[in-house]
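Here are a few exercises to work through with the viewer open. Try each one yourself before reading its solution.

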Amino acid sequence: MDLVLTEVRKTFGGVVAVDDVSAVMPQDKVTALIGPNGAGKTTLFNAITGFDPPDRGSISFGDRRIDGLPPWRVAELGLIRTFQTPVGFTTLTVRESLLTAATPHFVETPVQALGLGRRARGHERASEARAEELTADLGMADLLDVRTDELSAGDRKLLEFARSLMAEPKMLLLDEPAAAVAPANIGRLSQLVRRLCDERGLGSLIIDHNLSFLMQIADEVHVLDRGALLASGPPSEIAANPDVMRVYLGEEQP
Amino acid sequence: MTNPIFWVGVLTLAAIYASLAMALNVESGWGGMWDLGIAGLLAAGSYCYVILTADPDLGMRFAPGLSMWVAWPLSALFTGLVAFAIGAPALRLRREYFLITTLAFAEIIRQLVVIQADFTRGTLGIPNINRPFDSFVTGRDYNYVLLVIAALAAAVMYLVTRQIGSSPFGRTLRAARDNEAVALALGKRVNRMRIQTFVLAGILIGATAPVYLFYIRAISPQLFAPGITFTVWTALVIGGLGSIRGGLAGAFVLIVFTEAVGLIEVDPAHINILVAIEPMLVGLLLVLVLRFRPDGLFSERDSFGSRRTQAERASGRAATASSRPTAAAQASD
Ligand SMILES: Nc1ncnc2c1ncn2[C@@H]1O[C@H](COP(=O)(O)OP(=O)(O)OP(=O)(O)O)[C@@H](O)[C@H]1O
Ligand SMILES: [Mg+2]
């Protein structure tokens, strides 16, 4: 089951943000998407996840066309994304945010809300245990009962990641998961991403500017420049590619 | 000062407003849908109830003369239906347009009541509405019966809304209110849940309508002017939008305050001045409450989530290592 993009194009007025991108991202591999600021990476995420459908081209996941589907439907098919700016559910605690992500829609009905159903409770308890385990893995167990708007930017980034995992994804789409995260936690994050992929076959598509983080964990790297795919290949090959070096020179953050 | 019957009436009215404010909190506090159409929904529920139970001798075109115990749930359901008819189009709009649209729908309902005089008796209104246990308890003593009914209704409303608020449904509702994009990215059917919530609030308001009718005894379209909506909103804001107990507390504070202002003894010649400054005093109360408690008397923060941390803090700072099992134990109760 792969995520397949075919000649995906997205323009904003005169700006071609994504310029006929075709690529295959295997569902069980870690794929990196890199490129300088404004290259169109987030726009591509928005196109895939239904937040901002492409003007042209097709996107499919497994044997399903997903372009044109509403975001919640794309998510239901197992493609769970995070956001570059980690605002989150501001007034919910970390625990509540994670439980919300883990709640399937048959538990979220008015009938269940009125206490007339029994299915919710068992599910809730299992999710709670998962949330505690996951936050421990990410070094944020002590933050479970802290409200999202009281977290540091780095911790909110980790919450974005943890939250998407709670939703039982088939593939993760992470928009700059390591930005603002403390170095020690970046190590935990990359280990977890790698382990999820190797042990459970849960792949991800990751945007980030932290190349050393990405090059360590990615199986495959795609380089986007001004909307178009500049190069694709394994990390070692990309690192040695002179075009890629040129695009990044002077634009890489210090 | 005044006789106890007066205060029984005040508390009855407060309990009715408390029920409405708690229902409003479900859609506006947790659902984030700022509804200015409470008066319209209350009118829909009230007229449904009155028509279904009306005395056939009044000459209304449709008067099945149902028992009040049958008409009561039917009115609640009918109000839910009306809420669906309003919510389905209005929820496509962004917040401020939604606000205006709900206000407009409420006025449309009121005008419909006036125009459809064959069914509603229009501006003539309907007097002497039947009340439960009317034949057993008469005269002034009935006020106590009414207080019990209103208090029971408020208690049930409190339990029901608390259950909704602390359920996974309520949590996702708050989540989607905080950040719709994230909720969608997690596969939440945000629009559907909002319509369900809007209808649910409509049903709760419709269920309160008969109690309101027992209190006022006679119905006419003027009763359902937007003033009711603003009183309910004021009560909820004073009590704490999004908190579980806010509507309850806010309504009692507001209604008792307002009625007490009405008791101030003035020279009959100046009574119109008192009437004129009454809204100002209510405004002053609102400003004072929000000055010292910006989230209202009760806050959403105290109602959810952070309760655990407070409990943990209260249970003493044993070894830090023991804090995780504590949290887990409390979570599973
Ligand atoms: N909603 C929008 N309206 C207009 N232009 C947009 C919009 N979203 C993105 N763009 C433009 O599209 C281009 C690509 O933006 P995008 O956010 O996808 O870049 P990015 O690769 O994610 O950059 P960064 O690394 O800074 O996050 C930019 O020129 C941006 O200004
Ligand atoms: Mg971006």
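**Exercise 1.** Is A:Gln84 buried, partly exposed or exposed?

*Solution.* Keep in mind that this is a predicted model. Start with the cut-offs: under 20% relative accessible area is buried and over 50% is exposed, with partly exposed in between. A:Gln84 has 34% relative accessibility, so A:Gln84 counts as partly exposed.

**Exercise 2.** Describe the shell around ligand 1 and pick out polar side-chain contacts to its oxygen atoms.

*Solution.* Begin with who is there: the surrounding residues include A:Phe12, A:Asn37, A:Lys41, A:Gln84, A:Glu176 and A:His209. Sort the shell by class and you get three nonpolar, seven polar and two charged residues. Then ask which element gives the most: that's helix α1 (residues 41-48) of chain A, with three residues. Now for the contacts. A polar side-chain atom of A:Thr43 is 2.5 Å from an oxygen atom of ligand 1. For the side chain of A:Thr42, the distance from an N or O atom to a ligand 1 oxygen is 2.7 Å, and for that of A:His209 it is 2.8 Å. Finish with the area: taken alone, ligand 1 exposes 630 Å², and the protein buries 62% of that.

**Exercise 3.** How many aromatic pairs does the structure hold over all chains? Look at two of them in chain B.

*Solution.* The count is eleven. Take B:Trp34 and B:Trp233 to start: they're 5.8 Å centre to centre with 55° between the planes, a tilted pair. B:Trp34 is in the loop between α1 (4-30) and α2 (38-53), and B:Trp233 is in helix α10 (residues 227-239), so this pair bridges 199 residues of sequence. Check the cover: B:Trp233, at 11%, is buried, whereas B:Trp34, at 32%, is partly exposed.

Move on to B:Trp69 and B:Phe133. Their ring centres are 6.2 Å apart and their planes at 50°, so this pair is tilted. Finally, zoom out: B:Trp69 and B:Phe133 belong to one aromatic cluster with B:Tyr49, B:Trp72 and B:Phe214.

Definitions and conventions: Residues are numbered from 1 along each chain as its sequence is written. Chains are lettered from A and ligands numbered from 1 in the order in which they are written. This is a predicted model: local features need pLDDT of at least 70, side-chain atom pairs count only at pLDDT 80 or more; totals for chains, interfaces and linings use all residues. Side-chain values use heavy atoms; hydrogens and water are left out. A residue is near a molecule or strand if one of its heavy atoms lies within 4 Å of it. A polar contact is a pair of N or O atoms within 3.5 Å; within protein, one must be able to donate a hydrogen and the other to accept it, and residues adjacent in sequence count only if both atoms are side-chain atoms. Accessible areas come from the Shrake-Rupley method with a 1.4 Å probe; for residues, only the protein chains shown count as cover. Helices (H or I, at least four residues) and strands (E, at least two) are DSSP runs, numbered from the N terminus. Ala, Val, Leu, Ile, Met, Phe, Trp, Tyr, Cys and Pro count as nonpolar, Asp, Glu, Lys and Arg as charged, and the others, Gly among them, as polar. Buried means under 20% relative accessible area, exposed over 50%, partly exposed in between (1.4 Å probe, protein chains only). Rings of Phe, Tyr and Trp (its six-membered ring) pair if their centres lie within 6.5 Å; planes under 30 degrees apart count as stacked, over 60 as edge-to-face and the rest as tilted.
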